[in-house]
Amino acid sequence: MLCLLASAAAAQVAFVPHVIESKIPGGYAVMVTDMNNDRRPDVLGLTSRITELAWYENPSWQRHVLVEGMKGLVNMAAHDTDGDGIPELALENEFSMVAANSQGLLWLLRHQGDPRKPWKAERIDALTTSHHVGWADVDGDGKKELINAPLIGPKALAPKYEDRVPLVYYQVGDWKRRLIDDQLTGVLHRLRVVQWDPDRREEILTAGFDGIVLHRARGRGGKLRWENTLLARGHQEPAPRAGSSDVGMGRLGKRRFLASIEPWHGNEVVVYTQGKGGQWVRQVIFTELKEGHEVALGDFDGDGRDDIAAGDRRAGNLHVFWSLDAGGSQWRHEVVDAGGMAGSGCTTADLNLDRRVDIVCIGNSTANIKWYENRPAGR
């Protein structure tokens with residue numbers, strides 16, 4: 001199948017789908033990183049329905065098992081902590097939507113010489129409902145810290161999940177749990193590492209029932225203090241149809257914008273641009289998702305403005321929204337791979353090193369991993 005997509009600022013773009021994995025039931029999270037230091041980005045995908053984590057080697061997509069016997073896999077993040085060119089992996093498992101049944105284990109996986117063979121797992125922490133993980137240099141010292149976001153608090157119960165959710169971080173080596181924010185409530189669904197300020201520090205965006213929150217660290221080393229700022233409340237209905245499911249940061253030329261799925265597991269694709277007073281102005285650009293989950297951003301047509309990819313894990317459609325102006329007020333919508341990708345997780349990367357931004361998604365009900373090659377139409 002070939003899907004032709006038009007943008008006002010560039011020639012047509014063709015997304016060509018390629019299957020990486022056709023049998024991963026309930027696919028949940030996908031990640032792209034170079035796993036063997038060959039300068040080609042590889043793909044990892046996980047699901048809670050199987051107990052092993054594997055990576056797929058670019059370009060043959062040969063499958064290599066990293067670890068086995070891990071129940072309730074939910075999320076992962078990669079960073080080369082020792083400088084050998086091969087990343088260590090933070091991995092979360094023993095996850096459940098019922099807090100009493102969700103031990104929330106956090107592991108660090110290291111290769112043992114050959115990254116194609118099984119890796120060694122070191123347990124870092126157990127924090128109830130650990131659900132999302134990321135690496136960020138929060139103090140600008142050139143070393144990344146590990147960020148851990150549980151989904152709900154330990155006393156939370158469906159459907160409103162009324163409890164506080166701790167957002168925490170760890171320094172590499174001592175792995176002591178340190179607090180970022182203890183005021184988040186309900187569901188904390190997603191964290192994103194971003195470069196928000198023009199300095200060496202990285203910041204964190206979170207999306208959940210409270211909306212979209214920016215977390216900034218001040219100070220150095222073990223004396224960090226955190227500023228947690230609510231940017232936008234998201235979709236405003238009573239929980240669980242509240243706030244935001246995911247947030248990503250993009251650029252419209254020199255101007256920053258935010259893209260979001262709202263509410264939690266919701267039907268809306270939302271864009272936020274900053275007004276003259278600094279407030280974030282909410283614009284709903286699509287309302288017909290059956291069950292949205294994540295967004296992925298990238299400049300697909302090379303016009304200097306980031307576009308948005310959003311999966312629908314119930315309808316099985318991958319949606320692309322093209323930015324048509326520098327103000328973020330006009331967006332063109334297209335469907336890619338209709339019925340063939342129930343995207344629970346999506347990301348963007350240049351998989352074939354042609355300097356064009358591709359899309360990678362993992363499907364829930366479609367039980368697959370695909371990458372969508374970004375080609376000039378007609379090539």
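R190 is a buried residue, with a relative accessibility of 9%; here buried stands for under 20% relative accessible area, exposed for over 50%, and partly exposed for what lies in between, using a 1.4 Å probe and protein chains only. A salt bridge here is a side-chain nitrogen of Lys or Arg within 4 Å of a carboxyl oxygen of Asp or Glu. Since E294 sits in strand β23 (residues 292–298) and R190 in strand β15 (residues 188–194), the pair ties together parts that are 104 residues apart in sequence. R190 and E294 also belong to a network with R192 and D246, joined by salt bridges that share partners. Strands (E, at least two residues) and helices (H or I, at least four) are DSSP runs, numbered from the N terminus.

All of this comes from a predicted model, in which local features need pLDDT of at least 70 and side-chain atom pairs count only at pLDDT 80 or more, while totals for chains, interfaces and linings use all residues. Residues are numbered from 1 along each chain as its sequence is written, and side-chain values use heavy atoms, with hydrogens and water left out.

Salt bridges turn up elsewhere as well: the structure holds 20 of them. One of them joins E21 to R63, with 3.8 Å between the closest N and O atoms. This pair links distant parts of the chain, as E21 belongs to strand β2 (residues 10–21) and R63 to strand β6 (residues 62–67), 42 residues apart. E21 is buried at a relative accessible area of 13%, whereas R63 is partly exposed at 34%. Another salt bridge brings together the side chains of D174 and R178, at 2.9 Å from N to O. In this pair D174 is partly exposed, at 44%, and R178 is buried, at 17%.

Back to β23, the strand that carries E294. An open sheet of four strands runs in the order β23-β24-β25-β26, with antiparallel pairing; two strands count as paired if DSSP finds at least two bridges between them. β23 and β26 (331–336) are at the edges with a single partner strand each, so one side of each has no neighbour in the sheet. Strand β25 (residues 317–323) pairs with β26 in the antiparallel sense over six bridges, and S323 has W331 in β26 as its bridge partner.
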